[in-house]
Amino acid sequence: MSTLSAARESRAWAVLQTVADPEVPVLSVCDLGMVRAVAEAVDGALEVVLTPTYSGCPATEMIERNVIDALDAAGLGPARVSLQRAPAWSSDWISVDGLRKLREYGIAPPAHWVGETSADAEVPIRFHRLRPQCLVCPQCGSSDTEQISAFGSTACKALWRCKACGEPFEYFKPI
């Protein structure tokens, strides 16, 4: 890869940090760990490898379009997206900054494994309880919370309520 290519790749990563997830707009596709690789292909196109959070996620096509549009608008095109479904996306890929943004947005983040998150890194298999025993309310910090519904506004979230402040909040389920 030439120096120009490295600069283009670096600029592409910066642009991708601004592409918001349509379902949780406070997070970028990079915060979610969906962007697995960015490289210049042999034909000169910028290739972005994405792993959708769910294989049937209805926002996948919109995310692909938003990625291409953002790169084109930044003068980095032509660009294309390829989907990589294996290994499957894991909530462990959400960045530490992404976990903070979820909490500040009012969504309880999933438990997070801190470690290597490159596309070819070995990630331990973790088994999650169907329902966490205790969640901390992102509004007031109380751990006196209860699950209202296993399903929230999207398949990746559950609905919880804080007994201390009475506020409902969503919980981003670990996968």
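Modeller: Let us start with a term: buried means under 20% relative accessible area, exposed means over 50%, and partly exposed lies in between (1.4 Å probe, protein chains only). This is a predicted model, where local features need pLDDT of at least 70 and side-chain atom pairs count only at pLDDT 80 or more, while totals for chains, interfaces and linings use all residues. Residues are numbered from 1 along each chain as its sequence is written, and side-chain values use heavy atoms, with hydrogens and water left out.

Biologist: Thanks! Is Cys30 buried or exposed?

Modeller: The relative accessible area of Cys30 is 12%. Buried residues are those under 20%, so Cys30 is buried.

Biologist: And how many disulfides are there?

Modeller: A disulfide is a covalent bond between the sulfur atoms of two cysteines. Here the rule asks for a pair of cysteine sulfur atoms within 2.5 Å. For Cys140, which is partly exposed at 43%, the closest cysteine sulfur is in Cys162, 3.6 Å away and too far for a bond. By this rule the count of disulfides is 0.

Biologist: What arc do the buried residues of H2 cover around the axis?

Modeller: In H2, Thr60, Ile63, Val67, Ile68, Ala70 and Leu71 are buried. The arc is taken from the directions that run from the helix axis to the C-beta atoms. These residues are on the same side of H2, because they cover an arc of only 165 degrees.

Biologist: Which exposed residues does the other face of H2 carry?

Modeller: Look at the face turned away from the buried side of H2. The exposed residues there are Glu61 and Ala73.

Biologist: How far apart are the end C-alpha atoms of H2?

Modeller: The expected span of a helix is 1.5 Å times one less than its number of residues. For the 14 residues of H2 that should give 20 Å. The model agrees, with the end C-alpha atoms apart by 20 Å.

Biologist: How do the rings of Trp89 and Phe172 pair: stacked or edge-to-face?

Modeller: Rings of Phe, Tyr and Trp (its six-membered ring) pair if their centres lie within 6.5 Å; planes under 30 degrees apart count as stacked, over 60 as edge-to-face and the rest as tilted. A search of the whole structure finds 2 aromatic pairs. In the pair of Trp89 and Phe172, the centres are 6.3 Å apart and the planes at 65 degrees, so the pair is edge-to-face.

Biologist: Where is Glu167, and which residues is Glu167 in contact with?

Modeller: Glu167 is in the loop between strand E6 (157-162) and strand E7 (168-172), and at 41% relative accessibility this residue counts as partly exposed. Contact means heavy atoms within 4.5 Å. Leaving aside neighbours within four places in sequence, Glu167 is in contact with Gln139, Trp160, Arg161 and Cys162.

Technical notes:
Helices (H or I, at least four residues) and strands (E, at least two) are DSSP runs, numbered from the N terminus.
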